[in-house]
Amino acid sequence: MKHLYFALICFVSAGLLLTGCSKNEEEPDNGSNQTHTPGNIPGLGEKGGEPTGTLFKLPDNITLVGKILGGFDPTASVRSQTNMTKTRSSLSLSALTKANSGFKISETVGSGSYVTLYIILKNSSNHATEVLFPAGLIAKSLSGNAQNGVLLKKTTIRVAASSTKAIMLMMYCGNANKDASSMDEEYQFAVVSNSSLIMDLCEKLKSKRINYEEYDMKSLEEIMSDPNFDWENFDWESFFTSQYNEYSSLIQDVLWKLTDYGEALSSEDISRISDMENSK
């Protein structure tokens, strides 16, 4: 009986020690996998319906402040012929900040560029919390006019005790023919996909160095809050590094094959993913 009592005390003590920094569950159970063919993933590409999977939930002590707003693609003028004017682009982040209670972006995470989300998280507990955004997470455009976002590699954010933190979450575009995210567009977290095609791509990318936070780059807020910032002459290519650009462009093209173009991954696609640098 003494041994049982001692073991119980140790178990309770260990539990109390672990409450110093909590986190939401690791990769969630996505339920039964759904077998989809390329171009026929619900909610993505031209396919109607709702994305399938497990509803995404934040930890109990973490709440959203304000709305999840679309951001903007700071490399749009580099990636395409679209000319974003200095006035419109340089004001985007300040407008986002004003739209949601004045919180400035303190961290940029994730991977992709066409869908960027401005998210404010509040921790109501007295302990720090790690918030996991899992691979396969889909963020849904509420209007249905903008691209849904797809996160292809997990990322985590640490929110200090009794604090509020604004982040930019970068995601891939799941609907090639819809508008890119903008600060006029509101989003909501939908599901962690259980599509066999999305899950397989996530598996191929999970150990690859594709996330923004894996590169030594300043946050977008830091760059654009500089009083000497010059949108037209800033070297965005160098900022994102050629490798990050190369990887994100390749991954976006591969995802569109599955969501929009109705094509399976080729042996060349798989080989190029395999050749990507592994995370450190």
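Okay, ground rules. What you see is a predicted model, so local features need pLDDT of at least 70, side-chain atom pairs count only at pLDDT 80 or more, and totals for chains, interfaces and linings use all residues. Residues are numbered from 1 along each chain as its sequence is written, and side-chain values use heavy atoms, with hydrogens and water left out.

Let's start with the whole chain. The secondary structure comes to 9 helices and 12 strands; these are DSSP runs, with helices being H or I of at least four residues and strands being E of at least two, numbered from the N terminus. Of the 280 residues, 47% count as buried. Buried here is under 20% relative accessible area, exposed is over 50%, and partly exposed is in between, using a 1.4 Å probe and protein chains only. The chain exposes about 13900 Å², and carbon and sulfur atoms supply 51% of that; the areas come from the Shrake-Rupley method with a 1.4 Å probe, and for residues only the protein chains shown count as cover. As for contacts, meaning heavy atoms within 4.5 Å, take those with a separation of 6 or more: 82% of them are between residues 24 or more positions apart.

Now the inside. Nonpolar side chains tend to be buried together in soluble globular proteins. By a nonpolar core I mean a set of buried Ala, Val, Leu, Ile, Met, Phe, Trp, Tyr and Cys residues joined through side-chain atoms within 4.5 Å. So which residues have the most contacts inside the largest core? They are Leu152, Ile198, Leu201, Leu205, Ile251, Leu255 and Met276, in a core of 28 residues. Strand E11 (164–173), helix H5 (196–205) and helix H8 (242–261) each put in at least two residues, and H8 gives the largest share, 7 residues. If you click on Ile251, you'll find it touching Leu152, Tyr172, Leu205, Ile210 and Met276, not counting residues up to four places away in sequence. There's also a second, separate core of 25 residues, and Val131, Val159, Phe189 and Trp256 are among them.

Helix H5 deserves a look of its own. Its Leu197, Ile198, Leu201, Cys202 and Leu205 are buried. Looking down the axis of H5, those buried residues fall within an arc of 135 degrees, so they line one face of the helix. The arc is that of the directions from the helix axis to the C-beta atoms. The background is that an α-helix has 3.6 residues a turn, so residues three or four places apart point the same way.

Is Arg209 buried or exposed? Buried, with a relative accessible area of 12%. Its side chain reaches the backbone oxygen of Glu214 at 3.0 Å. I'm calling that a polar contact: a pair of N or O atoms within 3.5 Å where, within protein, one must be able to donate a hydrogen and the other to accept it, and residues adjacent in sequence count only if both atoms are side-chain atoms. Leaving aside neighbours within four places, Arg209 is in contact with residues including Lys153, Tyr247 and Glu277.

Asn211 is in that loop between H5 and H6 too, and counts as buried at 1% relative accessibility. A polar atom of the Asn211 side chain lies 3.1 Å from the backbone oxygen of Lys154. Beyond its neighbours within four places, Asn211 is in contact with Gly110, Ser111, Lys153, Lys154, Thr155 and Tyr244.

Ser193, in strand E12 (residues 186–193), is buried at 2%, and its side chain reaches the backbone nitrogen of Ser195 at 3.0 Å. Asn233 sits in the loop between H6 and helix H7 (236–240); Asn233 is exposed at 60%, and a polar contact of 2.6 Å joins its side chain to that of Asp230. Last, Ser162, in the loop between strand E10 (155–159) and E11, is exposed at 58%. Its phi is near 50 degrees, a positive value in a residue other than glycine.
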